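Subject: Structure for you to look at

Hello,

Here is the structure I said I would pass on. Please open it before you read the rest of this email.

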Amino acid sequence: MQGTARRRPFPAAAPGSPQPPGPVYPGRHGAVKNEDTFKTSPFHLDLWFYFTLQNWVLDFGRPIAMIILPLEWFPLNKPSAGDYFHMAYNVITPFLLLKLIERSPKTLPRSMVYVSIIMFVMGASIHLVGDSVNHRLIFSGYQHHLSVRENPIIKNLKPETLIDSFELLYYYDEYLGHSMWYIPFFLILFIYFTGCFTPVEEESRMPVAALLLMGPSSLYYWYLVTEGQIFILYIFTFFAMMALVMHQKRKGLVLDSNGLFLFYSFIITLVLIALWVVWLWNDKILRKKYPGVIYIPEPWAFYTLHMNNLHAAKESL
């Protein structure tokens with residue numbers, strides 16, 4: 001047609017020469033390719049399996065290893081086996097979290113991820129020291145179901161200012177350490193979760209391996225929430241996940257297999273916490289230690305209150 005400028009095609013690239021780049025759009029961290037928008041990823045069986053295994057062995061298993069292994073191997077004035085488990089956890093878990101973020105099909109805020117990892121390592125390291133001393137006190141008669149000042153071995157300390165030091169240690173272990181450890185942990189999981197959406201319905205299915213891992217994973221999260229006393233953090237993270245799922249559903253997006261695995265694990269965790277609370281609802285001693293509106297006893301408090309007494313009764317027979 002006359003008056004219409006004809007566009008000249010790009011010249012064909014010579015054989016062996018690099019192809020011209022595809023369309024690039026500005027993103028939060030520089031240029032992001034358009035085809036990454038709805039890219040999906042398969043179920044990360046290796047990462048989720050390593051997560052579950054090291055959580056059970058290095059986190060849940062560390063106080064058990066400290067109690068089971070002979071005391072002669074790890075004197076009370078030296079790090080215990082559980083401490084070495086904790087050191088390995090502080091190195092392996094941040095590495096796995098970074099690998100998980102790398103496999104996200106979406107470009108995620110790297111600065112927030114890096115700051116969260118740094119905070120995670122700091123909090124877990126603070127907890128390592130406080131938890132090491134607190135668990136070693138068990139061999140001296142310390143009872144976790146009682147407060148610091150109510151413990152018989154603490155009441156007799158002289159001068160009394162030493163009690164303040166133990167309360168400071170407890171604060172670093174149970175409050176500051178837990179906050180700096182768990183807040184970044186759940187934040188990174190949520191950041192990863194935001195990238196687990198796809199418009200393809202076929203991608204919203206979990207393989208058999210994911211179903212098998214869901215039970216151990218949910219049970220560990222139950223332990224994490226109850227022992228860490230972080231129910232508020234957990235429930236807010238879960239509500240944020242639910243809100244995001246409903247928001248993305250309006251856009252025609254559904255969770256992929258990794259997102260479903262994480263979301264369903266949190267749902268089962270909530271059921272396990274509810275069963276735990278119902279079971280111990282009428283325990284007067286634990287009620288005294290956890291007097292707040294949210295009553296969620298710690299598993300180790302339950303152990304020192306009931307299981308220790310059971311072991312002592314068997315030994316006396």
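Predicted model: local features only at pLDDT ≥ 70, side-chain atom pairs only at ≥ 80, totals over all residues.

Helix 2

Helix 2 covers residues 81–102, which makes 22 residues. At 1.5 Å a residue it should span 32 Å, and its end C-alpha atoms are 32 Å apart, so the two values agree. The buried residues of helix 2 include Ala81, Gly82, Asp83, His86, Tyr89 and Asn90. Further along, Thr93, Pro94, Leu96, Leu97, Leu100 and Ile101 are buried too. An α-helix has 3.6 residues a turn, so residues three or four places apart point the same way. What do the buried residues of helix 2 pack against? They pack against helix 1 (45–68), helix 3 (110–136), helix 5 (161–193) and helix 6 (208–228).

Phe85 also lies in helix 2. Its relative accessibility is 27%, so Phe85 counts as partly exposed, since buried would mean under 20%. Leaving aside neighbours within four places in sequence, Phe85 is in contact with Val57, Leu58, Gly61, Arg62 and Ala65. Leu58 is 27 residues away from Phe85 in sequence, yet their C-alpha atoms are 4.9 Å apart.

Two packed helices are described by the angle between their axes and the distance between the axes.

For helix 1 and helix 6, the axes come within 10 Å and cross at roughly 35 degrees. The crossing is left-handed. On the side of helix 1, the residues in the contact include Leu45, Trp48, Phe49 and Trp56; on the side of helix 6, they include Leu213, Pro216, Tyr220 and Leu224. By class, this contact of helix 1 with helix 6 has 13 nonpolar, 3 polar and 1 charged residues.

For helix 1 and helix 3, the angle is about 35 degrees and the axes are 11 Å apart. This crossing is right-handed. Arg62, Pro63 and Met66 of helix 1 meet His127, Asp131, His135 and Arg136 of helix 3. The residues of this contact divide into 2 nonpolar, 2 polar and 3 charged.

Aromatic pairs

How many aromatic pairs does a search of the whole structure find? It finds 33. One of the pairs is formed by Phe43 and Phe261, which are edge-to-face, with 5.5 Å from centre to centre and 75 degrees between the planes. Phe43 lies in the loop between strand 2 (30–33) and helix 1, and Phe261 lies in helix 8, so the pair ties together parts that are 218 residues apart in sequence. Phe43 is buried, at 13% relative accessible area. Phe261 is buried as well, at 1% relative accessibility.

Trp281 and Tyr295 have ring centres 6.0 Å apart and planes at 85 degrees, so this pair is edge-to-face. Trp281 sits in the loop between helix 8 and helix 9 (284–289), and Tyr295 in the loop between helix 9 and helix 10 (299–316), 14 residues apart. Trp281 counts as partly exposed at 46% relative accessibility, whereas Tyr295 counts as buried at 3%.

Ser257

Ser257 is found in helix 8, which covers residues 257–279. Is Ser257 buried or exposed? Its relative accessibility is 6%, so Ser257 counts as buried. Not counting residues up to four places away in sequence, Ser257 touches Ser41, Pro42, Phe43, Glu203, Arg205, Met206 and Pro207.

Regards

Key: Residues numbered from 1 in each chain as written. Heavy atoms only, no water. Helix = DSSP H or I, 4+ residues; strand = E, 2+ residues; numbered from the N terminus. Expected span 1.5 Å × (residues − 1). Buried < 20%, exposed > 50% of the residue type's maximum accessible area, 1.4 Å probe, protein only. Contact = heavy atoms within 4.5 Å. Axes fitted to C-alpha atoms, helices over the stretch in contact; angles between N-to-C directions. Left-handed = near helix turned anticlockwise from the far one by under 90°. Nonpolar A, V, L, I, M, F, W, Y, C, P; charged D, E, K, R; others polar. Phe/Tyr/Trp six-rings, centres within 6.5 Å; stacked < 30°, edge-to-face > 60°.
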